Amino acid sequence: MMATTLTVLTVLALLRSASCQAGYRVGNPAPAPQQSAYTPSTLAPPTYPPTNMSPPPSMLLHPPTYPSTSPSPPPPMIPQQPTSPPTSQPPTSPSPPPPVIPKPPTSPPTSSNPPPAISPQPPTSPPTSPSPPPPMVSPEPPTYPPTSSNPPPAISSQPPTYAPSIPSPPPPLPSPPPSSDDAGKKLKVGYYENKCGGQVDVEAIVRKHVSSFDAGMKAGLIRLFFHDCFVRGCDASILLDPTGDNPQPEKLGIPNFPSLRGYEVIDAAKAELEARCPGTVSCADVAAFAARDASYFLSGGGVDFAMPAGRYDGNVSLASETLPNLPPPFAGLQQLEKMFADKGLDAFDMVTLSGAHSIGRSHCSSFRRDRLPPGATASDMDPAFAAELQANCTSAGGADNTVVQDYETPDELDNQYYQNVLDRKVLFTSDAALTSRDMTGYLVRVYAMFPWLWQQKYAEAMVKMGGIEVKTAATGEIRRACRVVNSRT
Ligand code: HEM
């Protein structure tokens with residue numbers, strides 16, 4: 001049993017080492033932008049991002065967890081959410097039985113501990129996948145940017161950050177924000193202990209608020225953390241509302257609007273923290289704790305880890321920086337690896353974090369062009385699954401419906417995602433792409449078989465992501481309200 005565990009971990013370590021040698025070591029300088037990913041093609045481009053905020057269709061059988069949050073700047077108006085997440089629905093399409101998986105350890109592993117021995121029956125090692133990875137999707141990603149005819153609603157007078165007809169790569173990244181790997185390394189577990197006179201348990205306050213929101217909002221919090229960290233680092237820049245000076249902050253960027261949600265949870269936690277311990281807890285740390293706590297609740301406690309803290313909040317937020325930094329759903333493996341490597345995360349982290357697609361929802365516009373007929377000429381999606389999505393995405397009124405990401409266990413953060421990848425029942429090209437190379441495909445199969453291993457690695461990867469371009473007292477501030485920089489309050 002222990003030998004099996006060690007063997008799997010050794011193989012994974014070797015895989016990671018190979019990945020690092022291939023250029024994905026933390027801190028590697030970013031390679032040159034990949035022109036090919038943005039080369040126009042004759043394929044119809046996908047309509048990314050979501051084109052409206054319509055509620056999910058009832059035909060999916062899942063209770064609507066949308067609409068997503070409004071990015072407009074209401075002050076902390078906290079909607080009352082059910083305290084328990086919606087129950088999962090039975091699968092809407094048949095699937096082969098999952099591989100035999102070992103029983104998870106009795107106590108969830110933490111990021112600092114080696115995985116405990118598994119029981120009762122360890123799988124063979126290396127795992128014997130039921131089948132080799134399916135054939136890959138199109139070697140060429142579809143044209144980008146998309147030709148959506150529906151730009152984000154006119155919250156500001158400015159047009160979207162790209163013109164559909166631009167056939168060139170996105171503009172080069174603006175000068176990077178002040179960042180340092182050192183700052184990320186200086187984050188501390190238990191940072192807020194005794195910071196509020198010992199009377200206030202900062203992390204418990206955040207956890208309490210996260211627990212009071214529904215599963216959809218919890219899923220949103222995990223994505224929100226990812227989208228915060230990948231644009232200017234984990235500095236809460238995603239939370240800033242539009243202002244006269246800055247009418248197009250990150251939250252109005254194409255990948256974020258209207259789909260990103262969870263802002264109200266951060267507002268609620270921050271409001272209580274400011275009332276009880278003013279000027280102390282950064283919004284960036286609230287977002288990090290909230291993502292950690294959402295992971296904990298959605299995994300039924302299986303993902304349980306300490307999140308280091310000590311981040312400061314940034315004061316720059318630009319929608320124009322979202323597209324160049326956030327991977328699009330129609331990205332192929334090469335583009336995904338590059339965009340994660342740009343943030344100091346390797347292919348291993350990328351595969352691991354993609355497991356977050358075992359929860360939450362997606363707008364149909366995020367995948368239909370490149371994954372569903374008639375536009376998807378190269379999609380490898382399971383035909384029955386595609387037909388079901390097609391039906392669920394059809395809307396008489398032209399609404400941009402939403403569907404669950406994991407048709408098996410939609411509200412559980414678990415390793416089901418990896419089985420879905422193997423079964424070709426995932427939404428995005430970026431999901432399907434994970435099996436397009438031996439190393440990543442092997443990792444997908446390992447995670448599909450070892451839930452505890454994925455839980456542990458997910459926790460580690462979340463902590464690692466939380467260290468991206470962290471700001472310090474010298475380069476940031478502790479915002480009084482998360483939606484606005486201090487100089488404007
Ligand atoms: C690997 C590259 C990734 C791509 C291309 C991608 C893309 C997307 C897209 C297009 C959606 C649906 C948005 C919509 O239409 O409503 C989505 C949803 C989601 N993503 Fe990702 N994502 C990636 C990685 C990640 C990572 C690293 C995380 C977190 C660790 C994450 C967490 C989520 C969650 C939780 C949702 C559901 C959100 C909700 O229900 O509100 N994703 N992703």
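User: Which residues of helix α8 are buried?
Analyst: This is a predicted model, in which local features need a pLDDT of at least 70 and side-chain atom pairs count only at pLDDT 80 or more, while totals for chains, interfaces and linings use all residues. Residues are numbered from 1 along each chain as its sequence is written. A residue is called buried if 20 or more other C-beta atoms, placed from the backbone, lie within 10 Å of its own, exposed if 12 or fewer do, and partly exposed in between, and a helix is a DSSP run (H or I) of at least four residues, just as a strand is a run (E) of at least two, both numbered from the N terminus. Helix α8 covers residues 333-341 and is mostly covered, with seven of its nine residues buried, and these are Leu333, Gln335, Leu336, Glu337, Met339, Phe340 and Ala341.

User: What percentage of the residues in the protein is buried?
Analyst: The protein holds 15 helices and two strands. Counted over its 489 residues, the buried share comes to 53%.

User: Within what arc do the buried residues of α3 fall?
Analyst: Helix α3 runs over residues 202-211, and its buried residues are Val202, Glu203, Ile205, Val206, His209 and Val210. Seen down the helix axis, they line one face of α3, because the directions from the axis to their C-beta atoms fall within an arc of 160°.

User: At what angle do α3 and α5 pack?
Analyst: Two packed helices are described by the angle between their axes and the distance between the axes. The axes are lines fitted to C-alpha atoms over the stretch in contact, and the angle, taken between N-to-C directions, runs from 0 to 180 degrees. For α3 and α5 the axes are 9 Å apart, and the angle is about 145°.

User: How many residues in the contact of α3 with α5 are nonpolar?
Analyst: From α3, Val202, Ile205, Val206, His209 and Val210 take part, and they meet Val265, Ala268, Ala269, Glu272 and Leu273 in α5. Ala, Val, Leu, Ile, Met, Phe, Trp, Tyr, Cys and Pro count as nonpolar, Asp, Glu, Lys and Arg as charged, and the others, Gly among them, as polar. Sorted this way, one residue of the contact is polar and one is charged, while the number of nonpolar residues is eight.

User: How many of the 16 residues of α6 are buried?
Analyst: Helix α6 reaches 22 Å from its first C-alpha to its last, close to the 22 Å expected, where the expected span is 1.5 Å times one less than the number of residues. After α6 comes Gly300, whose phi is positive, near 65°. The helix is largely enclosed by the rest of the structure, because the number of its 16 residues that are buried is 16.

User: Is Arg232, whose phi is positive, buried or exposed?
Analyst: Arg232 is not a glycine, yet its phi is near 65°, and it lies in the loop between α4 and α5. It has 25 C-beta neighbours inside 10 Å, and therefore it counts as buried.

User: How far is the C-alpha atom of Leu413 from that of Ala294?
Analyst: Leu413 sits in the loop between β2 (402-404) and α12, and it counts as buried because it has 30 C-beta neighbours inside 10 Å. Leaving out residues up to four places away in sequence, Leu413 touches Ser295, Leu298, Ser299, Val303, Ser358 and Ile359. Although Leu413 and Ala294 are 119 residues apart along the chain, their C-alpha atoms are separated by 9.3 Å.

How values were computed
Contact = placed C-beta atoms within 7 Å.
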